[in-house]
Structure formats: C-alpha cells, structure tokens
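Please open the model in a viewer and keep the selection panel at hand.

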Amino acid sequence: MKSRLWVLTAIIAAWFVGLSLRLYSLQVVDHDHYEQRARRQQRSELTLTPPRGTIFDARGRELALSIETRSVAADPSMIADSTLAASLLAEVLPGDRASIAKALSRRDRSFVWVARQLPANQVEAVRALDIEGISFPKESKRAYPLGRLAGSVLGFMGVDPTGLAGLELAYDERVAGRAVKRPVLRDARAGRMLYRSFEFEQAEPGDDLFLTIDSSIQHVAERELAAAIEERGATGGSVVMLDPRSGAVLAMASYPGFDPNDYAKAPATQRKNIPVQNLFEPGSTFKLITAAAALEANVDPLDRFDCGNGEIVFRGKRIRDHARFDDLSFSEVIAYSSNVGAIQLGLRVGEEKLYERIRAFGFGSKTGIDLNGESAGLVHPVEEWNKRALDNFKLSGLTLPA
C-alpha cells in the first residue's frame with residue numbers, strides 16, 4: 001500500500017515539475033516569441049485610402065471621379081476546405097480557379113485579396129456562398145463617366161489607387177491624397193474592431209483637378225478627327241486645339257483612342273497620347289519658321305527670289321514645287337508655299353542663324369506640358385546638315401526629321 005502511495009506521489013510530483021517547466025518555457029524562455037504571435041493574431045493594421053480627387057473640365061463637368069465599391073478578401077487560416085472554397089468562388093468570380101486556390105492556400109497570411117473592385121451582383125453572389133473567412137472590404141474605384149472622351153489625356157489607374165498614365169500619373173501625388181494606417185483588433189471570428197485608445201491620423205482626401213480642356217470642344221475634335229481618318233483611310237491621327245490668347249489646351253485628341261474604364265482591353269500603342277509622345281515632320285507649316293528667321297535676318301518682304309521654274313538641284317538632290325514658279329517675292333513664297341522659294345530663304349538666312357532660330361522657337365526641346373512621356377523632338381546639328389540635305393530642306397525649307 002505504501003509503495004503504491006509513493007508511486008502516485010512521484011507521478012504527481014513529476015507531472016507538477018513538468019507542468020512548471022512548460023509554464024516556465026512559455027512565460028519566460030519563449031515569452032517574446034508567443035507575445036509576437038499573439039500580437040499578429042489579435043492586432044493588425046488597416047490601410048484607409050482617402051477618396052481620390054475629381055478631375056473636371058473647364059466648365060466643371062466631371063471627367064474622372066471615385067466611386068465606392070466592394071472587393072472580396074479572405075483569411076486563409078479560417079477556411080476549413082480551401083479547395084472546395086476555391087471551386088465555389090471560381091464559379092462566380094473573374095479569374096481562374098488555380099489563382100484563387102493559390103491565394104486561399106496561404107495559411108501563413110491572415111489577409112489575402114481574392115478579387116478586387118467588383119460589381120454589386122458578383123459581391124452578392126459571393127455573400128450567398130456563406131463561406132467562413134471571406135470578407136468584403138470597401139474600396140474606391142476610378143470611373144470615367146464620359147467613356148473614351150480624352151482618354152489618352154486623362155490616363156487611367158490600376159486596381160491599386162495609383163495613376164498609371166496621363167494626368168492620373170502626372171498629378172498622382174496631389175489627386176491621390178494621403179492614406180493612413182489604423183491599428184485594429186481582431187476578435188475570435190476574425191472581425192475587425194477599431195480600438196479607441198490607439199492614436200491615429202486622419203486620411204487626407206485628394207485635391208480636385210481643373211483642366212483647360214473643354215469637353216464640348218474635345219468631343220468635336222474627336223468626332224472630326226475620326227471622320228477625317230475614315231475618309232482618307234489613315235491608321236491614326238491627332239488634333240490639338242489651343243486658346244490663341246493664352247496657349248491653353250482646349251482639346252487634345254488621339255485616334256483610335258481607348259476607354260479608360262476598360263483600359264486593359266486596348267493595346268499600349270492605342271493608349272498613346274500621340275501629340276505629346278510621337279515625333280512627326282511638320283512639313284510645309286515649317287515654312288513659317290523659315291520666314292520668321294528671314295525677318296529676323298532683315299530680309300525685306302518685297303525681296304524677290306528665283307524659283308527656277310518650279311525646281312532646284314540642292315546638294316545633288318532635285319527638289320520640285322507643286323507648281324511652276326519663276327520669280328516670287330518673299331511674301332509670295334509663303335503665300336504659294338513654294339518649296340524652292342523656302343530653300344532660297346533658308347540659304348539667305350544662313351545655316352547657323354537658321355539653326356539658332358529653330359532652337360529659339362523651342363524645336364528639339366520639351367514644352368514642359370504637364371503630361372508624362374513628352375518627346376523633345378529631333379533637330380539635327382548644323383554639322384550634319386550636309387549629310388541630310390534632303391531631310392533638312394525637304395518640302396518646307398527645313399523640317400524636323402522623325
């Protein structure tokens with residue numbers, strides 16, 4: 001009997017010692033490890049993204065605004081059967097089953113995105129599945145109420161609140177506002193609660209942006225551009241309309257353009273802002289620059305130039321006019337858009353001075369327009385003009401080689 005009592009006492013003592021050692025390990029040796037795990041499970045941060053500023057046209061019409069939408073997120077640790085959940089979700093959500101299953105399999109994460117910025121009918125379809133561990137956080141989605149209008153100017157945004165092109169990118173920092181992180185507590189069912197004793201800042205809404213573009217003028221520009229391209233069978237084109245008094249951009253159109261509400265369906269070449277990003281030869285319009293340089297060089301508007309009956313051989317290249325002109329005054333060279341006369345004007349000015357005037361007008365330099373990806377253009381230095389005689393004097397006396 002006594003031996004049994006000793007055995008029982010020894011077992012109880014061993015159990016007590018083992019329990020004490022385990023408690024010591026948990027509370028002392030591994031205290032920091034388990035405290036960090038508890039913090040990760042019980043406390044997290046919630047990023048609060050403020051509403052993005054609205055973009056208005058010159059008359060106060062909304063061109064881009066933010067609307068509230070819902071997304072689908074998950075806590076993988078709370079989903080009992082991730083394979084089954086992925087199959088159910090794939091039936092009602094965009095994307096393939098494999099990508100959804102991969103997200104739900106992240107057991108080391110307490111929050112993963114499943115699908116972002118969904119229409120109301122898809123959100124309700126997911127709610128009806130009643131899957132534990134699925135949540136529906138609010139998000140802000142960018143909308144462009146006028147569709148394709150000025151799409152290449154406005155640009156677009158990705159799923160995350162960051163501008164990716166156009167004015168959305170150029171003014172992203174100002175329009176986006178300032179997001180903040182708020183500490184939150186999670187209950188046993190993964191619900192989130194703001195904890196009042198935590199100190200946090202308030203998110204700052206983004207600034208609104210008011211453009212010089214007039215949506216009515218923009219509509220006319222895009223309509224007429226599309227009609228002209230269709231009539232001539234061209235593949236693309238652009239139009240820029242400026243206020244002659246201030247230089248403000250009233251319309252800037254690119255064809256074929258795209259709808260920023262669904263930008264992913266348009267190839268990158270279609271999303272380009274052609275007037276800003278592309279190089280082009282100005283052609284006969286450049287004769288005005290040659291004429292301005294001639295006036296600066298004190299060439300008299302009444303001076304006359306031999307136009308060679310409509311053709312000239314210049315540095316081994318034969319250049320012709322659109323009509324036979326024998327003798328034209330300075331003013332008539334511009335009025336009749338004579339190629340030969342423009343070359344004669346350029347020669348009268350001289351290459352060095354002509355180059356100086358071209359650069360003084362801003363050719364070969366960026367304008368500084370508040371749009372990303374602007375091309376500076378291409379103006380070859382004077383020492384290369386002998387090699388590029390036809391390029392530099394083609395059609396206009398001088399052009400910008402593309």
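The stops below go from the whole chain to its cores, a cavity and several single residues.

**Before selecting**

This is a predicted model, in which local features need pLDDT of at least 70 and side-chain atom pairs count only at pLDDT 80 or more, while totals for chains, interfaces and linings use all residues. Residues are numbered from 1 along each chain as its sequence is written, and side-chain values use heavy atoms, with hydrogens and water left out.

**The whole chain**

Display the chain as a cartoon: it has 15 helices and 15 strands. Helices (H or I, at least four residues) and strands (E, at least two) are DSSP runs, numbered from the N terminus. Of the 402 residues, 35% are buried, where buried means under 20% relative accessible area, exposed over 50% and partly exposed in between (1.4 Å probe, protein chains only). A contact means heavy atoms within 4.5 Å. Among contacts with a separation of 6 or more, 67% are between residues 24 or more positions apart.

**The nonpolar cores**

Next, select Ala 294, Val 299, Phe 330, Leu 345, Leu 354, Ile 358 and Trp 385, which have the most contacts inside the largest nonpolar core, a set of 25 residues. At least two residues of this core come from each of α11 (287-296), β13 (311-314), α12 (330-335), α13 and α14 (351-360). A second, separate core has 22 residues, including Val 153, Tyr 171, Leu 209 and Val 276. A nonpolar core is a set of buried Ala, Val, Leu, Ile, Met, Phe, Trp, Tyr and Cys residues joined through side-chain atoms within 4.5 Å. In soluble globular proteins, nonpolar side chains tend to be buried together.

Centre on Phe 330. Leaving aside residues up to four places away in sequence, Phe 330 touches Ala 291, Ala 294, Leu 295, Val 299, Asp 300, Pro 301, Asp 303, Phe 305 and Leu 345.

**Helix α13**

Select residues 339-349, helix α13, where eight of the eleven residues are buried. Those buried residues are Asn 339, Val 340, Gly 341, Ala 342, Ile 343, Leu 345, Gly 346 and Val 349. At the N-terminal end, Ser 338 caps the helix, with a side-chain oxygen 2.9 Å from the backbone nitrogen of Gly 341. This is a polar contact (a pair of N or O atoms within 3.5 Å; within protein, one must be able to donate a hydrogen and the other to accept it, and residues adjacent in sequence count only if both atoms are side-chain atoms). Just after α13, Gly 350 has a positive phi of about 100°.

**The largest cavity**

How many cavities of 30 Å³ or more does a search of the whole structure find? There are two, and the largest holds about 70 Å³ of space. On a 1 Å grid over the protein atoms alone, a cavity is a set of points where a 1.4 Å probe fits but cannot get out, and lining residues have an atom within 4 Å of a point. Grid points are joined across faces, edges and corners, and the volume is the space filled by probe spheres set on the points.

Select the lining of the largest cavity: Thr 49, Pro 50, Arg 52, Ser 66, Ser 140, Lys 141, Arg 142, Met 157, Pro 161 and Ala 176. Strand β6 (residues 138-143) gives the largest share of this lining, three residues.

**Gln 117**

Move to Gln 117 in strand β4 (residues 112-118). Gln 117 is buried, at 13% relative accessible area. A polar atom of its side chain lies 3.4 Å from the backbone oxygen of Ser 140, a residue that also lines the largest cavity. Not counting residues up to four places away in sequence, Gln 117 touches Thr 69, Arg 70, Ser 71, Glu 139, Ser 140, Lys 141 and Val 159.

**Backbone details**

Most residues other than glycine have a negative phi, and most peptide bonds are trans. Select Tyr 255 and Pro 256, which are joined by a cis peptide bond with omega about 15°. Pro 256 belongs to the loop between β11 (249-255) and α10 (274-277).

Then select Ala 150, a non-glycine residue with a positive phi of about 60°, in the loop between β6 and α6 (151-154). Is Ala 150 buried or exposed? At 3% relative accessibility, Ala 150 is buried. Asn 309 likewise has a positive phi of about 60° and lies in the loop between β12 (304-306) and β13; at 34% relative accessibility, Asn 309 is partly exposed.

Note on methods:
On a 1 Å grid over the protein atoms alone, a cavity is a set of points where a 1.4 Å probe fits but cannot get out, and a pocket is an open set with protein on both sides within 12 Å along at least five of seven lines; lining residues have an atom within 4 Å of a point.
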